[in-house]
Amino acid sequence: MKPSIQIVLPAMLAVLVTIAQSSPGVAAADEATKAPRGIHVQSPKLDPALVRKTQEETDKVIRRGAALWKDRQLGTNGQNCNMCHPSGAATHPETFPKFKQQFGRVVTVQEFINWCIVAAMRGDSQEIGSEDLTALEAYQAYESRGQIMEIGVPGP
Ligand code: HEC
């Protein structure tokens with residue numbers, strides 16, 4: 001007798017879920033660039049090799065950001081970004097640069113990520129433009145794709 005679909009399907013799903021759970025870092029990283037991108041207006045004269053390279057290199061940095069997002073070593077108190085901002089929630093990159101009370105001036109999103117690393121995670125402030133800050137910015141921006149740019153809206 002052939003095993004019925006009711007048995008085979010759940011069994012396959014269970015195996016897939018087990019594989020996904022056994023490598024959370026990899027699963028999260030793959031997740032990061034799976035969803036479709038938006039619609040872009042692109043010059044037809046653009047070199048296809050450059051278009052491909054731009055996408056590949058950017059995707060690499062987004063995936064690095066996705067892994068860092070769950071990294072508890074960024075700070076010293078065992079927290080990671082994901083605990084307070086699940087999948088980039090409430091980071092509102094589309095509202096930066098904007099005035100933030102903590103700085104008393106208009107700041108870029110990387111400056112504010114540093115604020116969270118220091119104040120919320122008790123870590124060391126990182127150099128603006130560092131690989132880590134750029135990756136975190138790329139990931140949260142990717143997760144916010146489709147949002148309307150509205151500079152200066154207070155958050156979170
Ligand atoms: C312990 C909780 C906590 C952790 C961990 C944390 N944040 Fe935050 N984050 C906050 C809070 C609270 C605010 C709101 C602060 C404010 O707006 O003044 C915030 C605000 C932000 C904002 C600005 C949102 C806005 O609209 O102004 C960004 C960007 C951000 N976090 C990124 C990050 C990143 C990236 C990480 C990891 C490196 C991180 N946060 C880790 C609590 C956290």
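These legends walk through a few close-up views of a predicted model. Residues are numbered from 1 along each chain, as its sequence is written. Because the model is predicted, local features need pLDDT of at least 70 and side-chain atom pairs count only at pLDDT 80 or more, while totals for chains, interfaces and linings use all residues.

**View 1. The whole chain, end to end.** Here you have six helices and two strands, where helices (H or I, at least four residues) and strands (E, at least two) are DSSP runs, numbered from the N terminus. Starting at the N terminus, the order is α-α-α-α-β-β-α-α. Of the 156 residues, 20% count as buried (20 or more other C-beta atoms within 10 Å of a residue's own, with C-beta atoms placed from the backbone).

**View 2. Helix 3 on its own.**

**View 3. Helix 3 meets helix 6.** Helix 3 (residues 48–69) packs against helix 6 (residues 131–143) at about 95°, axes 7 Å apart. Axes are lines fitted to C-alpha atoms, for helices over the stretch in contact, and angles run from 0 to 180 degrees between N-to-C directions. So helix 3 is roughly perpendicular to helix 6 (65 to 115 degrees). The contact residues divide into 10 nonpolar, three polar and two charged; Ala, Val, Leu, Ile, Met, Phe, Trp, Tyr, Cys and Pro count as nonpolar, Asp, Glu, Lys and Arg as charged, and the others, Gly among them, as polar.

**View 4. Helix 5 meets helix 6.** These two pack at about 105°, with axes 10 Å apart, which makes helix 5 roughly perpendicular to helix 6. Val109, Gln110 and Ile113 of helix 5 touch Leu133, Leu136 and Glu137 of helix 6. That contact has four nonpolar, one polar and one charged residues.

**View 5. Around the ligand.** Of the 20 residues around the ligand, Cys81, Cys84, His92, Cys116 and Gly155 come nearest (a residue is near if its C-beta atom, placed from the backbone, lies within 6 Å). Helix 4 (81–84), helix 5 (109–120) and helix 6 each give two or more residues to this shell, and helix 5 supplies the largest share, six residues. By class, the shell has 13 nonpolar, seven polar and no charged residues.

Definitions and conventions. Parallel < 35°, antiparallel > 145°, perpendicular 65-115°, else oblique. Buried ≥ 20, exposed ≤ 12 C-beta atoms within 10 Å, placed from the backbone. Contact = placed C-beta atoms within 7 Å.
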